[in-house]
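This report looks at how the parts of one chain meet and at the surroundings of one residue. The structure is shown first.

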Amino acid sequence: MCGITGIVTRNSDNIGELLVRCSSKLTYRGYDSVGVAAVRDGIVDLRKDVGTIEDVDRLLGLSKMKGDRGIAQLRWATYGAPNKINAQPHFGCEEVFFGAHNGNIHNYVEYRRQLIETGHTIRSENDGELCVHAVDKYYEQTGDMLEAVRLSTHDLKGAFAFAVGRSDKEEIYAVKMGSTLVAGIAENATIVSSDLPSILPLTNRILYLADGEMLSLTHDEVKVFRIEDGKQLERKPEISKIDARAAEKGGFPHFMLKEINEQPKVVQDLMGVLEGQENEKWFSLFEDASRHYLVACGSSYNASIVGTYYFNRLAGLPIIHALGGQFEPMYGNTMDSDSLSILVSQSGETKDILNVLNMVYENDYGKTLGIVNVIGSTLMFKANSYVPMTCGYEISVPATKTYYSQAVIFAYLSAKLGERNGHLDPSEAASLINRLRTDLPRLTQTTIDRTGILAKNLAKTLTNVKDLYCLGYGFTDGVAKEGALKIKEICYNHCEGMYSSEFKHGPLSIVTDKYPVIFVTTTEDSWMVINHINEVKARSGRTIIVGEMEDTLLPYVANKDDYLAVPKSDILLNPILDVIPLQLLSYFLSVDIGINPDLPRNLSKTLTVD
Ligand code: BG6
């Protein structure tokens, strides 16, 4: 995905500084290239190049640009290589229209050809450029900017949002058609953006938008219109309670380390919300359904794997879990109006998940329950109900506290469901929920404190390792996959996460002297996992263990540094705590290798594209 920011200000000297300050909070949305178009006295100054916003600002002086309105764009490349010409924003035919988009224009190829055949000068291979030309085209026909913006959406197919301006018009316009867009009203400026963190430095007076709406911004007013008929809509700003400092590092070297350290507070806030909400709707959605599907991507998917074990163990509930992209071809025909699709997405905007949401509604395949972090996201609005993950903004591209929050939510939901359906003794349910509320914050903090130094030391011994495995069993199945994903995402190593009993059926052949294999264990399953550890040890592989310290396992590590011991707890808290050493290991290894863990190459925080 990408991040767009449009600002109109009363002051004509600081548009560059405002756009850089605000749009830099969207870095997690894309950092392949950055650009700013600023207008002063009817002249559009457009500067853009590859690199992060800091790089390009240093190179081209973005924050020094003058003018009273402008658009900035941070790009994660989809259509067109990440180079200067494909960077956004773009001009229209002349250097009069300027604009940028987030999302995908699915009819890019044919529409680009159509525009060229009708005389448009298309400079790039980036689909965002077509949004500007579409407005240019209809302005030629209507002479009216708002109408031209409205009509432009008739030509553009796909899921997108864009901002556009004209050198001789004081307004900036924006369109929301399937990608995120939100606006803000400040003292002497208005702002429109792909995401809230870039608005909060200016204002907490927020206008949430729905798909099919468009905006016009002047320095003191935001007007909302329905695209379908151009009708102006009443929209009152809401006061956001999210603290702008949430988008700052708070003294940590990276957002990732900050967000790992926020996990004790996450569970405290989360339990307050889970127990404080009127959540009868969540449980009735489960109980009214005859079949339950758990659908997610990336780290959310790994947390969902842990969730299936909780639902089985505590609620006796069979849950079919699947990746967003595989769900329809794998299970689409098994669904009916009695199905429940539990859609897990911290951003609430992952296209692979929204595709499932739309498929469910289009085919009347029952109800949906979102497990979502970003307030105001599409999943939050469109699901029949949603469980708020209550993590605050997660800025670092690799998920940490949001994965952790999801695991806690699954433990909570399955305990409550088990109590309600009689599968779990009420005293056991109450005990677990009490442990989540009182013990888990403390145990999480102790785990961070204890395994931080262990992980840092272990990381130093792995800096030259390019290939390894991370294995889990039972409850730690999803945990091991998450640990492997962290290492892949931010260390650029090949680390495969898989089920430990499967390792002997083929992958074991990779083990040679000192080949590293990480085992994520629980005290309940170590009797079994010891066999799998032995299979690696017997072939002089290097076994690394993550889990509670167990004397029976100590002989299986070359030295204690290869044992990331978490504090003693129990089988139901182990899967939540065991991920922390893996988060820290991947973090320190990434930093040792010289990578910025917050901004791993080629990745983006939320993929609003297919
Ligand atoms: C990827 C992110 O793009 O999307 C991952 O890099 C994330 O960190 C995955 O886990 C799913 O995102 P979401 O918002 O649907 O949970």
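The model is predicted. The domain assignment divides the chain into domain 1, residues 3-240, and domain 2, residues 257-593. Taken over C-alpha atoms, the centres of domain 1 and domain 2 lie 37 Å apart. To the contact, domain 1 brings 11 residues and domain 2 brings 9 residues.

Between them, domain 1 and domain 2 bury about 830 Å², and carbon and sulfur atoms account for 65% of that area. On the side of domain 1, 44% of the area buried against domain 2 comes from Tyr28, Thr180 and Tyr208, more than from any other three residues. Between domain 1 and domain 2 there are 0 salt bridges, and 1 residue pair is in polar contact. The residues of domain 1 that touch domain 2 comprise 6 nonpolar, 2 polar and 3 charged.

Arg235 sits in the loop between strand 14 (232-233) and strand 15 (238-239). Its relative accessible area is 26%, so Arg235 counts as partly exposed. Leaving aside residues up to four places away in sequence, Arg235 touches Leu207, Tyr208, Leu209, Ala210, Glu213 and Val224. Val222 is 13 residues from Arg235 along the chain, and the C-alpha atoms of the two are separated by 9.2 Å.

The polar contacts of the Arg235 side chain with Tyr208 and Glu213 are set out here.

| Side chain of | Partner | Distance |
|---|---|---|
| Arg235 | side chain of Glu213 | 2.7 Å |

Methods: Residues numbered from 1 in each chain as written. Predicted model: local features only at pLDDT ≥ 70, side-chain atom pairs only at ≥ 80, totals over all residues. Heavy atoms only, no water. Domains from an automatic or database assignment. Contact = heavy atoms within 4.5 Å. Buried area = accessible area lost by both parts, 1.4 Å probe. Salt bridge = Lys/Arg side-chain N within 4 Å of Asp/Glu carboxyl O. Polar contact = N/O pair within 3.5 Å; in protein donor to acceptor, adjacent residues only side chain to side chain. Nonpolar A, V, L, I, M, F, W, Y, C, P; charged D, E, K, R; others polar. Helix = DSSP H or I, 4+ residues; strand = E, 2+ residues; numbered from the N terminus. Buried < 20%, exposed > 50% of the residue type's maximum accessible area, 1.4 Å probe, protein only.
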